[in-house]
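Let's take a guided walk through this model together. Have the sequence and the 3D view at hand as you read.

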Amino acid sequence: MFDINELILKKAKEIGFGDVVVLSYETQRRQVRFANNEITVAKNWHYQKSVIFAEYEKRLVSTELTALDEKTIEETLKMLFKTAKAMEPKKDYYGIAEGPFEYRDIPETFDKKIVELDEPNEYVEIAINSALEEGAKRVAGVLYTDYNKLYLTTSNNVEAFDEGTGIEISVRAFVDDVASGHGTNSVRVLKKFDPESAGRKAGEIAKLAVNPEEGDAGKYDVIFDPLAFANLLSYMSFMASAFAVEAGFSFLVGKLGQKVASEDIVLKDVGNMPNAYGTRKFDDEGVPTQETTIIENGVLKTYLLNTSLARKYNTKTTANAGLTMPRAWNIYLEAGDYSKEELFSEVKKGIYITNVWYTRFQNYVAGDFSTIPRDGAFLIENGEIVKPVRNIRVSDNFQRILESIVALGKELYHIHWWEVRTPVFTPYVLIKDVGITKATK
Amino acid sequence: MHELVEFAVEKALELGAKYAEARFEEHSGVNIVMKNGNPEGLGIRADRGIGVRVLVNGGMGFASTNVLTKESVSEVVKKAVKLAKAASKVRNRPIEFSEERFHEVYYEVRMKKDFRDYSGEEKMEYLKLIEEEVLNSGVNVPMRFLSYQDWIAHKYFVNNEGAKVESVIPRVSITYNLVVFEEGQVEQAPFVKTSFTGGLELIEKAEPWKRALNDVKALQRLIKEGKKPPEGKVDVVISPEVAGIAVHESVGHPYEADRIFGREAAQAGESFVKPDMLGKRIGSEVVTVIEDPTIPNSWGFYLYDDEGVKARPRYLIKDGIITEFLMNREYAYYLGTHSNAAARAINYDREPIVRMANTYLAPGDYSFDELIEDVKLGVYMVSFNEWNIDDRRYQQRYIGREAYLIENGEIKHPVRRPILEITTKGLWSSVDAVGKEVEFYPGTCGKGEPGQGVPVWMGGASARLRDVVLRR
């Protein structure tokens, strides 16, 4: 599709645009959804489109083209230009990255076997059966296969291509209405795909969660399963973006250089990580993706930036464009040195939360939020799981949670599913004195 | 385009589909974002494509493309049929659809002030009005995120059972996030929307800039004069906005038949409601909750759903009794009845699934003064920020943004963040009086995988809850 990109770029420059970015996609995506141990629907998507971002004297316009003939391209660009000319400038726009750049192949991001995979239903059956073997009665979930081609051309000497694949599964197993567990597995190459582990984990937790008792409100030491903590960390993708900070959607407002997490915490965005679901060779302006440390030893080091925002704040881009809004590729919390058993043995009286959903903020800038455990949650006494509990809610403050991390597991898990849209790498995490509330009538 | 859609259905039947539908959608419109006074950019939306859904051997397949050639559509139909066949092998029982009467029909929503006739700069004026009101309010509002959005959805739906439904529906919406800093404290009104099906005249009549001014003044007053809310058992009067989120979360969602039967189990979850709860009491006699896609100019408006079934008002709760679930054809079949037209898809590339449209608490006969006149101690919750509910829709919580103390029948000072954390049955059983006036508030309801955020209205009348536990 570079011929289309170049045609769009040429015409856009002729009309009088300044900075121009054309990002074209070809996508083949497949989904198999299942519930009650059977497939509910199987889907396939095919997209071919070009996203255009164009600037005229600091006036920014964008659109998405799905019809890619010369006439449509010309008409669209003329209309965009007319619109741009009538607008007021964005005073704090400072341009796009200057290419060319060199791109390195990132290992384990493309696998021809996934492209050629004819029929993924056997993986669904493996996941269902492994959950049933663990004691589940009903199994639901979703499997995806992905194949994307990305073509980027900009007016600043960028021409870049990336091709990626992926396969992933999310499995939720039920023993009864209120005893459930969840497991996921997301990879970029077929040989690393392990649907069985996702099914087993879902089944095991569901089995453990049978006959839950009502939980009690109070302050508890909480072990977050990677699935649960990934939900919270996925909000860092948005909250660490300089755009969200400016727009008042982040508790990190005004906190650069300040302590926002406990001393051991190192939180990164890694755009070029092998075998990670969010990995890409370059961002939306063509800057090669990189590893960016957002929080180092508890201190906020940087927001996520594109070139324009970086120039505004007199620093370098972190390769997270989004031309309007920078965002993370893969959020990565560095592991600690606790085994899972050691982590549990640290807890005298606490709760192990295996999954959460519906995280909502009362105040984004203050960071006050709550989130609801779903699937098995368990009371821990003297390092042992003593019983499953239900109907509780985590009600706390985001920064306080990060500051109260007391131990991290030594193994990282790659989490990406319906509730965790930016992929997250996190270990098991132990947090002191987490606020737990419950309904009272 | 019409031919291509009809071709897709014929082709699917030829390839062995027992049921086939094809839906063309074209969405065209404009997005404008302004942040802290700066225009961030203008996006033009021009998106179109065809989605095909089939049943083959009791399995369901769906495929879509945005390449609108006969070859490409033919390829898509083949994929859908192949996927359905393969899926049918991993099923315990075949998927069937309920019988319905279908129509050949065209409908559109007319705009008095057609947004296609106005430039981006003219639309930006609405955001500037919000800026002006807020900046001249005497309140310190350092962070202001404003956005304008309009689009026209042109759809053409055809199935092999006689449905041919074409519609043209314009939607227009303004959203803001305003962050107030006063006296070293921060409060915010996030994602506040004013949204309609129709033209710019509706935005101008609703005056979101006045609402923004009220919001920042209320937050300033909250910071300066706000006190702790009472704790423990009190009466709580909820506004139409709070009643709206409560009916949406704890009545609309758990009555979605696909949740009840477990299809959404791995995503949005299941439901505490079971099929045998039809006819059972869930709330007091004054509670009636209606779901109605046909309200003119509503954000959730449609007259035919995305399976071609004609829409009508649905009584989810009548006088406190569960009376009807939200259904598409698949789940209506399992329940041995007809669909009530709750199948919606956000675009050509999504399957239609069971959704709400406009959900509201039906009005009672109390004036607002009558609702509060015999409240000795309580809270009037006007708006909320944080809210959530468990995935069976039974344990919810709403935290007030703007809220006031009620003492001896009178509204007093603002109270900070009153927390109502309550079960669904507890909530609806506690209602002893419902107001006369109905208001609606727009939202984007999230469900489905991949996600399908659909426009909905939520609202209804104010309601009085007796003896509920309030926390702070």
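Predicted model: local features only at pLDDT ≥ 70, side-chain atom pairs only at ≥ 80, totals over all residues.

Residues are numbered from 1 along each chain as its sequence is written, chains are lettered from A and ligands numbered from 1 in the order in which they are written, and side-chain values use heavy atoms, with hydrogens and water left out.

Let's begin with chain A, which has 10 helices and 22 strands; helices (H or I, at least four residues) and strands (E, at least two) are DSSP runs, numbered from the N terminus. Its radius of gyration is 23 Å, close to the 22 Å from the globule rule for 441 residues, so chain A is as compact as a globular protein of that length. That radius is taken over C-alpha atoms, and the rule is 2.2 Å times the number of residues to the power 0.38. Along the principal axes, the C-alpha atoms of chain A fill a box of roughly 70 × 50 × 40 Å.

How much of chain A is buried? The share is 66% of the 441 residues, where buried means under 20% relative accessible area, exposed over 50%, and partly exposed in between (1.4 Å probe, protein chains only). Among contacts in chain A with a separation of 6 or more, 73% are between residues 24 or more positions apart; a contact means heavy atoms within 4.5 Å.

Now to some backbone details of chain A. As background, most residues other than glycine have a negative phi, and most peptide bonds are trans. The peptide bond from A:G99 to A:P100 is cis, with omega near -5°, and A:P100 sits in the loop between α2 (70-86) and α3 (112-116) of chain A. Another cis bond runs from A:A321 to A:G322, with omega near 10°; A:G322 belongs to the loop between α8 (307-312) and β12 (331-333) of chain A.

Positive phi values are worth a look too. A:K58, a residue other than glycine, has phi near 70°. You will find A:K58 in the loop between β2 (38-56) and β3 (59-65) of chain A, partly exposed at 29% relative accessibility. A:N157 is not a glycine either, and its phi is positive at about 65°; this residue is in the loop between β4 (138-154) and β5 (158-176) of chain A.

Buried residues make up 68% of the 472 residues in chain B.

Chain B is divided into domain 1 (2-223) and domain 2 (232-471), with bounds that come from an automatic or database domain assignment. The C-alpha centres of domain 1 and domain 2 of chain B lie 22 Å apart. Between them, 61 residues of domain 1 of chain B are in contact with 48 residues of domain 2 of chain B.

Finally, look for B:E108 in strand β4 (residues 104-108) of chain B. B:E108 is partly exposed, with a relative accessible area of 35%. From B:E108 to B:H154 is 46 residues in sequence and 9.0 Å in space, C-alpha to C-alpha.
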